[in-house]
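Please open the model in a viewer and keep the selection panel at hand. The stops below proceed from the whole chain to single residues.

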Amino acid sequence: FRKLSDSDDTYNYLTTSPAADNAATLCSEPTLQASNIVFGAVTTNSIELSWQTGGGEARIVVVRSTNAIATLPSDQTAYAANATFGSGDQVGSIGQYVVYNGTGETATVTGLAPGVDYHFRIFDYIGSGAAANYITNTANNNPRSTRTSSIGLIEDMFEDGEANLAA
């Protein structure tokens, strides 16, 4: 401490480093979840999907092979997405990957295996980073699942130029 004047006032000064923790205020949770997942083109290694946005500023799409989505995203957590299955951040530690993070209504997921069931669930959120707040309830057609094709389309051109297409 240090006495600055003839008065009896005492002033204290911080003599060590300031606290290292940062605090963030959690944003409010969206009131409406994304809904109506619709699958477009489904191939042996990719799935196109679209959805109706909910009430969040953005949303993540989480995908898991074989089993339903079991772990929900954690508030105050930012998730990095990658459209190649298995390359984005995991939600939990059981093979649930974030394949989309943004404000849009469509995505194409690649890097999938043929003939496998894939489960999709979309989570709207408000805020970012340590302020992110996810709505985790289900909605109409969210979650939803589909299976990749077992066999791709094979095109064989004959000498006469006619195509022979086989499944």
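**Guided tour**

The protein has zero helices and 10 strands; here helices (H or I, at least four residues) and strands (E, at least two) are DSSP runs, numbered from the N terminus. Read from the N terminus, the elements run β-β-β-β-β-β-β-β-β-β.

This is a predicted model, in which local features need pLDDT of at least 70 and side-chain atom pairs count only at pLDDT 80 or more, while totals for chains, interfaces and linings use all residues. Residues are numbered from 1 along each chain as its sequence is written, and side-chain values use heavy atoms, with hydrogens and water left out.

**Whole chain**

Begin with a surface view. The protein exposes about 9800 Å², of which carbon and sulfur atoms supply 46%; accessible areas come from the Shrake-Rupley method with a 1.4 Å probe, and for residues only the protein chains shown count as cover. Of the 167 residues, 32% count as buried, where buried means under 20% relative accessible area, exposed over 50%, and partly exposed in between (1.4 Å probe, protein chains only). Among contacts (heavy atoms within 4.5 Å) with a separation of 6 or more, residues 24 or more positions apart account for 66%.

Next, select S1 (35-42) and S5 (106-109), together with S2 (residues 47-52). These three strands form an open sheet in the order S1-S2-S5, with antiparallel pairing; two strands pair if DSSP finds at least two bridges between them. S1 and S5 stand at the edges, each with a single partner strand, so one side of each is left without a neighbour in the sheet. From one strand to the next the twist averages 25°; axes are lines fitted to C-alpha atoms, for helices over the stretch in contact, and angles run from 0 to 180 degrees between N-to-C directions.

A hairpin of four residues joins S1 to S2. Four bridges likewise join S2 to S5, again antiparallel, and Glu48 has Thr108 in S5 as its bridge partner.

Now display the side chains of S2. In a regular strand the side chains alternate between the two faces of the sheet. The covered face of S2 carries Ile47, Leu49 and Trp51, and the uncovered face carries Glu48, Ser50 and Gln52.

**The nonpolar cores**

Which residues have the most contacts inside the largest nonpolar core? Select Leu49, Trp51, Val61, Tyr118 and Phe120, which hold that place in a core of 19 residues. A nonpolar core is a set of buried Ala, Val, Leu, Ile, Met, Phe, Trp, Tyr and Cys residues joined through side-chain atoms within 4.5 Å. S1, S2, S3, S4, S5 and S6 (117-126) each supply at least two residues of this core.

Centre the view on Tyr118. Leaving aside neighbours within four places in sequence, the contacts of Tyr118 include Ile47, Val63, Phe85, Leu112 and Arg144. A second, separate core of 11 residues includes Ile60, Val91, Phe123 and Ala132.

**Aromatic pairs**

A search of the whole structure finds six aromatic pairs. Rings of Phe, Tyr and Trp (its six-membered ring) pair if their centres lie within 6.5 Å; planes under 30 degrees apart count as stacked, over 60 as edge-to-face and the rest as tilted.

Select Tyr79 and Tyr134: the ring centres are 5.8 Å apart and the planes stand at 70°, so the pair is edge-to-face. Tyr79 lies in the loop between S3 (58-65) and S4 (96-102) and Tyr134 in S7 (residues 133-134), so the pair ties together parts that are 55 residues apart in sequence. Both Tyr79 and Tyr134 are buried.

Move on to Phe85 and Tyr97, an edge-to-face pair with 5.2 Å centre to centre and 80° between the planes. This pair links distant parts of the chain, with Phe85 in the loop between S3 and S4 and Tyr97 in S4, 12 residues apart. Phe85 is buried at a relative accessible area of 16%, and Tyr97 counts as buried at 17%.

**Last stop: Ser87**

Is Ser87 buried or partly exposed? At 45% relative accessibility, Ser87 counts as partly exposed. Ser87 is placed in the loop between S3 and S4. Apart from neighbours within four places in sequence, Ser87 is in contact with Asn82 and Tyr97. The C-alpha atoms of Ser87 and Tyr97 are separated by 7.3 Å, with the two residues 10 apart along the chain.
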